[in-house]
Structures are given as C-alpha cells and as structure tokens.
Amino acid sequence: MSLDTQIRASADAVPVQPRRKVSRRHRKDAIAALVFLSPQLLGLIVFMIGPLLFALYLAFSHWDGFGAATFAGLSNFTELFENPRIQRSAVNTVWFTVLQVPGVMITAFLFALFMQKAGKMTNVYRLGFVAPVVTSSVAVATIWLYLFNPEISPINSALRSVGIPAPNWLQDPAFIIPSFAVVAIWQGLGYQLVMFMAGLQSIGASYLEAAELDGCSAWQKLWHVTVPLISPTILFLSITSIIGSFQVFDYIYVFMDSSAPDEARTIVYEIVQMAFREFNFGAASALAFLLFLVLLGVTGLQMAAQKRWVHYAE
C-alpha cells in the first residue's frame, strides 16, 4: 500500500463530528467564559466605562451637581482655553514632568548600576529604596512638609553649614514645583530601581564579554550595549512616569490644602478644585477630557517613536 493510500485511509478512519455538535460546544464554551468573566466585566462597566462616558457627557454640559444638566456645547472648552489660571497650571504640570521624569529615571538607573556590585547587601539596600514606594503619598508628603519647614528643616541646616543659602521651599515661587519634583523622585525611586535591576540582570554576559573583546571601554559598553538592551524597560518607565507626573495632586493638597497659589497648581489640582470646591462639574470634566487627550497623544508618540530606539531581544 502506498503512502498516499495509507494517509487517506487514516483520514477516513477519523470520525468527523457533525457541524451542529461543534457549534453547540463552541456556544457552551463561550457562555461558560462569559459567566466566569462577568464579575470583572461588570466592574469594568460600572467603575470605568460608565463614569468615563458620564464624564464625557458632562464635558459638554453645565451641571453643579444638583438638578438637571443643560447642554453647553463647546463653552466649557472655550472657557478653559481662555482662563489664565488653567494656562499657568498647564505650564506648572509640564515643568513638574520635565523635572520629575528624567530625574527619577536617571537616578534609578545609576543606583541600579551601583546595586549590581552591592553583593550580599543588595536585598538590604533594595528594601530601603522600596519602602517609600509602599508608603502612602499623604504620609510621604507629611514627612517632607517637616523637611521643607524653613525654621526646623535639617536640609536647610545642612545647606547653611556648607555655606549654601537655604531656599524657602514652599513659599518661594521658583522652588515650589522643584520641591514637588524632589518628593516625587524620592518616592518613585524604589519602583524604577527594581525595574532597572531586573532589566540589567536579564542582559546576557556574552554581550558584555563580546564588547570587551572588541576593546570597548566601560562607557562604551554602557552606552552601546547596556542601554540598548534595556530600552524596552526605559520605554515602559517613561510612559508610566509621564502619565503619573501629569496626574500629580496629593503632594500639593497636603502641602497647600485647598488654597494653593497659582505657582503650585497643576491640572489635576484644578480639576478637583473646580469639581468639589466650585461645583463646576462641566468645566472639570472638560479639563479631564483634555488631559486624557494629551496623555493619549504623548503615549501614542512614544509608541510610534519606539521603532527608532527600542531594541527587543529576538
């Protein structure tokens, strides 16, 4: 018997299930999947998609939280673009992002490099860096509120001892946003440190050995081998850091309460103030929608640009 004949015979021997039984089985599997997924899907609809659609509706409405909402068209957006306080808050948010995102990423990367040589003390150091990450932002801001106090601040005392004039951190307009950035860098350092350490440990020793055989210096190995190989980690951390920096609020509220000066206000702070202090939910929703569009655009640009500098291991 030829090979083709044997293949046909074995194929004919396999029982073919009726199409109705197959479709019925697929339908049962789909129903079972929906039953198991329904709690998560229900939570997604009730707590995310529903509020998102309601906020989008309020962005084009006038509503003070009581009574019925009235259609406002684009008036909420027009008022936001013409409001100088919102413009100043947008500038403050961008300035905070410019200070915080590179500051925390560069600092975490350098510490991760040093931690590679810490030996048995690595876990101890890692615990010290991660502790602020798992601490409440309110508690962190309260600690730094004491550290920024010009009268009792140990930071100011240390600066004066070396002849550096101590700044008035939370009262001088030039230092308010940098102060927030310092706190954010300190708290977010541990998370990014762990991510960078994981990325560095995933680099195969053969790459670095090959670079050494080619005569590369330590700086050349870092710039041409290490950084490209952890570029996916850099991309992920840059995206999440920018999103988080645009949403900064808790530090400002603890430091300034509800009477923050214009030099300390950010976009999310303005959203909270307009919604829960001024009861202008329409304008607050419009500003939140604009923030969503900005973050969506920035993330899209980062994802589009990754083809030029992000290298994925094959």
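## Terms and basis

Ala, Val, Leu, Ile, Met, Phe, Trp, Tyr, Cys and Pro count here as nonpolar, Asp, Glu, Lys and Arg as charged, and the others, Gly among them, as polar. The model is predicted: local features need pLDDT of at least 70 and side-chain atom pairs count only at pLDDT 80 or more, while totals for chains, interfaces and linings use all residues. Residues are numbered from 1 along each chain as its sequence is written, and side-chain values use heavy atoms, with hydrogens and water left out.

Helices (H or I, at least four residues) and strands (E, at least two) are DSSP runs, numbered from the N terminus.

## The largest pocket

A pocket is an open set of points on a 1 Å grid over the protein atoms alone, where a 1.4 Å probe fits, with protein on both sides within 12 Å along at least five of seven lines; lining residues have an atom within 4 Å of a point. Grid points are joined across faces, edges and corners, and a volume is the space filled by probe spheres set on the points. The largest pocket holds about 570 Å³ of space. It is lined by 23 residues, of which L52, A55, A288, F289 and F292 are the closest to its centre.

Two or more lining residues come from each of α2 (19–59), α13 (267–276) and α14 (281–309). Helix α14 gives the largest share, ten residues. By residue class, the lining of the largest pocket has 20 nonpolar residues, three polar and no charged.

## Salt bridges

A salt bridge is a side-chain nitrogen of Lys or Arg within 4 Å of a carboxyl oxygen of Asp or Glu. By this rule the model has five salt bridges. For accessibility, buried means under 20% relative accessible area, exposed over 50%, and partly exposed in between (1.4 Å probe, protein chains only).

One of the salt bridges joins the side chains of E278 and R85, at 3.3 Å from N to O. E278 lies in the loop between α13 and α14 and R85 in helix α4 (residues 84–115), so this pair ties together parts that are 193 residues apart in sequence. E278 is partly exposed, with a relative accessible area of 41%, and R85 is also partly exposed, at 24%. In another salt bridge, between E270 and R265, the closest N and O atoms are 3.4 Å apart. Here E270 is buried at 0% relative accessible area, and R265 counts as buried at 9%. A network of salt bridges links R85, D262, R265, E270 and E278.

K221 and E212 also meet through their side chains in a salt bridge, 2.9 Å from N to O. K221 counts as buried at 17% relative accessibility, whereas E212 is partly exposed, with a relative accessible area of 47%.

## Backbone angles and a helix start

Most residues other than glycine have a negative phi. D257, in the loop between α12 (250–256) and α13, has a positive phi near 60°. F279, in the loop between α13 and α14, has a positive phi of about 55°. D257 is partly exposed, with a relative accessible area of 41%, and F279 is partly exposed with a relative accessible area of 41%.

At the start of helix α7 (residues 154–161), a side-chain oxygen of S153 comes to within 3.2 Å of the backbone nitrogen of I155. Just after α7, G163 has a positive phi of about 85°.

Key: A polar contact is a pair of N or O atoms within 3.5 Å; within protein, one must be able to donate a hydrogen and the other to accept it, and residues adjacent in sequence count only if both atoms are side-chain atoms.
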